[in-house]
Amino acid sequence: MVVTDKDVMAHIGEYPLLQQDDESLFHGKRLIFLSWENHLMFAAPLCVPLPPTLPFGALIRDVLPELYGEHPEFEDIDWKRTLWFNSSKRFIPDVGKSLEHHGLSHKSLIRFRTPALEGMRKKTSDGRQAF
Amino acid sequence: MDTRVTKKKLGLKERYAAMTRGLHWETTYQPMDKVFPYDSYEGIKIHDWDKWEDPFRLTMDAYWKYQAEKEKKLYAVIETFAQNHGELGVTDARYINALKLFIQGVTPLEYYAHRGFAHAGRQFTGAGARVAAQMQAVDELRHFQTETHAISHYNKHYNGMHNANHWFDNLWYLSVPKSFFEDAYSGGPFEFLTAVSFSFEYVLTNLLFVPFMSGAAHNGDLSTVTFGFSAQSDESRHMTLGIECIKFMLEQDPANVPIVQRWMDKWFWRGYRLLTLVAMMQDYMLPKRVMSWKEAWEMYAESNGGALFDDLARYGIRKPKGWEQACEGKDHISHQAWATFYQYGHAAAFHTWIPSEDELDWLATKYPNTFNQYYRPRLEHWLAQSKGDEGRWYNQILPMLCQTCQVPMLFTEPGDPTQIAFRETNYLGQKYHFCSDHCCEIFEHEPKKYVQAWLPVQQIYQGNCYPEDINPASPGDSPVREVIRYYGIEGGEDNGDFANSEDRQHFKAWSGRMKPSDLGE
């Protein structure tokens, strides 16, 4: 790759390229970021190292409960109606196929929306927002 | 030939000239450009260094004299404070956690500032600027020292302060201030002064020091108050250096204006993101509150800062790009940050808690448009949960961080507090994520700099933050526990919920505030 001078505004002497979180550094795994949209009981999206070969079904079955199971709405999620996004691009997962197959490369962001369960966008019985 | 008459004593002005600019000379063995290479590579054009107005006509000998007097007073107060068990006179042991945040996250910045100013104090061609930077370098080192001494008394009695230097280099939330300063002092000397002297010390400093120092005053912490007074006269000198440097650059060459404007955009935003920690401290960690973060922002940023940028308009300078978004954030960021620390309270080095009913009501009054609507429900849920069978909830999964500011991605879209803000870019085939347009833009301008970011979450998953006996590829059933061990944090003692803390128990027992009902706890 050609690194141009434009990539650093100004420098004096050598300026080496050092990508601190290259995929090769994660012991065969890659980082995947996850965000359950509007569910801000989880203050920030989460980050987990996963094997690229992990089937999407295993992500739903084994990984997500570890991440989001504490939320009172989690049990009610209808996975068939869930909408999935690779960053902002919608995709329809094939539960038998791997993360790799879905184009989920290192440091991809998976956002998922659960239409009936809107977390913070829903009002509770006393008229306040949920979380 | 006339006999030379030496005056016994120089006048103030002459002495100043002799002790600063008089020490400067034009080099002859080597060209000046080679002796001072750092003050040209950033693209800032200086035509006449003599136009530099020395902000404070202070010479080194006078400096030693003033500082020695101030320090004598400060150490007398610290000593008295210790003799009188001042550590028990504070409002509530929860307050001590604000001091932990200070010694962990602010004091190390004083040392970084010392290094940055020592560098600038060597590298400017102009002697006036060099002397001012050198003096500030000494100030910063003193501040590091006096803050450490003032807080060391608390360290004898409370947890969470004993390992601050190691934590600063490793902990996830401390990488926020650390990376801020590393970004600043790895820039050139002009960018460093714009970042630290102007954006941080001139525009934002009141938002850092007022909450901590007034917070100390309101909560009975005399030693921190005295430190604050002692540092105050230094700070006003530092602020003057900041504004002088900006005006000097802007007046020297019109080509400097866009460079300075871009630095202001960048460093206002970097500073603002860093202040998220202070916002949280101010709204949640002071048992006796001074004012809300929102009120502080309105007073110190919106009105004072607004007037400053009106004044700079004659140079062609406008408000920093992130200004509007920062103003909108005043209703949100303290609550978003506390929710983050509450759920990662097992991975920090201070205690967290759910505010009392009164305090929740106070927050609702101060934030009438956001607190009850968006932030109170989850706090009440967590409180109920902690009292139930499940117990207190801790988030066991590490958060996603912004590549630039390194804050967990907790900030929401402008105009929609239900939606986390995501920004993304590609560089050399890799994805990079950001919390905001401004952090993304900072990265895109100098990607080669920010791909080096030492992001704590990424480092943990690479296996760089485990004790030696742990295999990084398979760290066992609780990687977070192992990381905490590596950090040198005593789980449950240095962190966790305040309700169950040693700090709380000790404070009550030692200060005689133990009620009979507490003995059964």
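Mentor: What follows is a set of questions on terms, each answered from its definition.

The model is predicted, so local features need pLDDT of at least 70 and side-chain atom pairs count only at pLDDT 80 or more, while totals for chains, interfaces and linings use all residues. Residues are numbered from 1 along each chain as its sequence is written, and chains are lettered from A and ligands numbered from 1 in the order in which they are written.

Trainee: How do you know how confident the predictor is in chain B?

Mentor: On pLDDT, the predictor's confidence in each residue from 0 to 100, chain B averages 92, with 97% of the residues scoring at least 70. Where pLDDT is low, the predicted coordinates should not be read in detail. The model as a whole scores ipTM 0.93 and pTM 0.94.

Trainee: What makes up the secondary structure of chain A?

Mentor: Helices (H or I, at least four residues) and strands (E, at least two) are DSSP runs, numbered from the N terminus; chain A has 1 helix and 5 strands, in the order β-β-α-β-β-β along the sequence.

Trainee: Why are α3(B) and α6(B) called roughly parallel?

Mentor: Axes are lines fitted to C-alpha atoms, for helices over the stretch in contact, and angles run from 0 to 180 degrees between N-to-C directions. The axes of α3 (residues 60-83) and α6 (residues 127-155) of chain B come within 10 Å and cross at roughly 10 degrees. Angles under 35 degrees count as roughly parallel, over 145 as roughly antiparallel, 65 to 115 as roughly perpendicular and the rest as oblique, and therefore α3(B) is roughly parallel to α6(B).

Trainee: Which residues make that contact?

Mentor: Residues are in contact if their C-beta atoms, placed from the backbone, lie within 7 Å; among those involved are B:Y63 and B:L74 of α3(B) and B:M135 and B:H149 of α6(B).

Trainee: What makes A:F56 count as buried?

Mentor: A residue is buried if 20 or more other C-beta atoms lie within 10 Å of its own, exposed if 12 or fewer, and partly exposed in between, with C-beta atoms placed from the backbone. In α1(A), A:F56, A:L59 and A:L64 are buried, and of the 131 residues of chain A, 28% count as buried.

Terms used: Contact = placed C-beta atoms within 7 Å.
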